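Please look over the sequence and the structure that follow, and keep both in view while reading the explanation below.

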Amino acid sequence: MNIIRILAMIAGVLVLGALLVKANQRSIGIALLERVAHQRIGESSLDGLPDGLHVVICGSSSPMPAPNRAGPCVLVQAGEEILVFDAGAGSARQLGVMGVPVGDVDKIFLTHLHSDHIDGLGEMILQSWAAGSRPAPMPVYGPVGTVQVVDGFNQAYELDAYYRIAHHGAEYIRPDGFGGLATEFSVGRDSSDVVYRSGDLTVTAFSVNHAPVEPAVAFRIDYKDRRVTISGDTTYYDNMIEAARDADLLVQEALQRELIKIVEETAAAKGDRQLERIAFDIQDYHASPEEGAQMATAAGAKHLAFYHLTPPPPARFLYPAFLGDAAKHYSGPITITEDGMLFIMPAGTDDLRLKKLM
């Protein structure tokens, strides 16, 4: 009897609490919004990081739809500079969800001009201007063709820029900061070239194989004694191994052929010839997790992180299926990335810590 009375009292308290919350839902909601605004406005999730090289996954997916995953995008904080590598769909908004202001981005680098690596570029450029009061256009570095892409986005957003300036005023939305300014580089086959250097920071582009997409590059980012390599799209390739040589972190794209074959065979069985052909074709210009692991081993990379996942695993339960036999080819730590992962690598150490921003 006592137990029944106690349970009844607990139930009564819960019901009363629920009624009180419902009655005060508006005021509670306003208070929560005030708290979030206080925490977010004028702040960044990257504030307080030690001097070093830090990597945020702002997009880990492929063109295939995936909840909570944006298109390929990697943010790198090197000392005081913030660089973004590729800008897949939704990546600018993911940065906002993570508490990283897009207006803090200093430069954007493109590995190649496939649509899934640039379809969020316009939003990234626009938001960095409108939300960050940029004094000059966003610098965008990329292979031949980047001028055409950036000029196209500039033209597409010209009317929007006019509306924003007319509404808020040139004092707050600076006309001279609108748009992107492209700088093209050319890297010979099986070679590399420094495409950006500032103080202790060097960004080097390495040609990779993503035929028929050409040019396509991987980027190596060196800051003081720390090194990160971002693959972009590539097959197993010797120059990719050079790009990842002795990297503290290799951020490597991966396509699991065994899983894509399921998509191919299902499309064939259902008579979807277009999807069947696409699923077949994409298998020959991406690296599998096993091949990514082999390149990481050959390069002596210290940590392997897979991004641009094809197909994107919808749940962690499927991660082993995606990895396949990768662990047989690489003995170091392997991470299947998720949007919001932050890799913290302080200068002057060998430390690498992983934190979630969302």
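**The largest pocket and a helix**

The largest share of the lining of the largest pocket, three residues, is supplied by α10. This is a predicted model, in which local features need pLDDT of at least 70 and side-chain atom pairs count only at pLDDT 80 or more, while totals for chains, interfaces and linings use all residues. Residues are numbered from 1 along each chain as its sequence is written, and side-chain values use heavy atoms, with hydrogens and water left out.

Helices (DSSP runs of H or I, at least four residues) and strands (runs of E, at least two) are numbered from the N terminus, and α4 (115-118), α10 (273-281) and β12 (304-310) each give at least two residues to the lining of the largest pocket. The volume of this pocket is about 300 Å³. Of the 18 residues lining the largest pocket, P63, I278, I282, Y285 and H286 are the closest to its centre. A pocket here is an open set of points on a 1 Å grid over the protein atoms alone, where a 1.4 Å probe fits, with protein on both sides within 12 Å along at least five of seven lines, and lining residues have an atom within 4 Å of a point.

Elsewhere, helix α3 (residues 91-98) has S91, A92, Q94, L95 and M98 buried (under 20% relative accessible area, with a 1.4 Å probe and protein chains only). Seen down the axis of α3, these buried residues fall within an arc of 160°, so they line one face of the helix, the arc being that of the directions from the helix axis to the C-beta atoms. Just after α3, G99 takes a positive phi of about 85°.

Conventions
Points joined across faces, edges and corners; volume = space filled by probe spheres on them. Buried < 20%, exposed > 50% of the residue type's maximum accessible area, 1.4 Å probe, protein only.
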